[in-house]
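Dear colleague,

Please find below the structure that I am handing over to you. I would be grateful if you could look through it before reading the notes that come after it.

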Amino acid sequence: MDDIDLALIGALRRDARQSISELAATAGISRATARVRLDRLQSSGVIAGYTVVLQRELDPAAVQAITQVAVEGKAAEEVIRRLAAMPEVAGVYTTNGRWDLLAEIATADLPAFDEALRRLRMIPGISSTETSILLSTRKKGGVFAPRGR
């Protein structure tokens, strides 16, 4: 990746709905060059997809939380697979320190959240969890930006 690729990615992060012409102008390249570069970034997996970020109050996922997960022994891959299969789990992240994984959870209401958390805690290989419900957003961006929520 060079500075032009980074400029295209930066422009998409600000607004993924921009036209190819707008992206090309931002990066200082032709429309055709922008299209070729974007196609290459997508086919190589650098750009894995596009998403919609909703205002929290319009979001159908009214309850959002981060669950820290400790995993027993060598069960991490199976736990990750099971977490990723849960529709309420928006993201699974590996980490270091006391907790092995972070699970980003989004549900429509507290009863659905309670049920999702109960099922999550029943996954074989999970030894303990600690959950924090997200109350408000002070800054969007970075790893924990709401995804499609």
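The notes below describe the chain as a whole, then its helices, and then its sheet.

The model is predicted, so local features require pLDDT of at least 70 and side-chain atom pairs count only at pLDDT 80 or more, while totals for chains, interfaces and linings use all residues. Residues are numbered from 1 along each chain as its sequence is written, and side-chain values use heavy atoms, with hydrogens and water left out.

The protein chain contains 5 helices and 4 strands (DSSP runs numbered from the N terminus: helices are H or I of at least four residues, strands are E of at least two). From the N terminus on, the order of these elements is α-α-α-β-α-β-β-α-β. Of its 149 residues, 36% are buried, where buried means under 20% relative accessible area (1.4 Å probe, protein chains only). Among contacts (heavy atoms within 4.5 Å) between residues at least 6 apart in sequence, 66% join residues at least 24 apart.

Turning to the helices, D5 is found in helix α1 (residues 3-14). This residue is buried, with a relative accessible area of 1%. Leaving aside neighbours within four places in sequence, D5 is in contact with R37, R40 and L41.

Helix α2 (residues 20-27) packs against helix α3 (residues 31-43) at an angle of about 100°, and their axes are 8 Å apart. Axes here are lines fitted to C-alpha atoms, for helices over the stretch in contact, and angles run from 0 to 180 degrees between N-to-C directions. The two helices α2 and α3 are therefore roughly perpendicular (65 to 115 degrees). In this contact, I20, S21, L23 and A24 of α2 meet R31, A34, R35 and L38 of α3.

As for the sheet, 4 strands form an open, antiparallel arrangement in the order β2-β3-β1-β4. The edge strands, β2 (89-94) and β4 (126-133), each pair on one side only; two strands pair if DSSP finds at least two bridges between them. Neighbouring strands are turned by 20° against each other on average, direction ignored. Strand β3 (residues 101-107) pairs with β2 over 5 bridges, and T94 stands opposite L101 in β3.

Two helices accompany the sheet. Helix α4 (residues 76-85) packs on it, touching β1 (63-71), β2, β3 and β4, and its direction makes about 160° with that of β2. Helix α5 (residues 110-121) lies across β1, β3 and β4 and runs at about 160° to β4.

With kind regards

Definitions and conventions. Angles under 35 degrees count as roughly parallel, over 145 as roughly antiparallel, 65 to 115 as roughly perpendicular and the rest as oblique. Buried means under 20% relative accessible area, exposed over 50%, partly exposed in between (1.4 Å probe, protein chains only).
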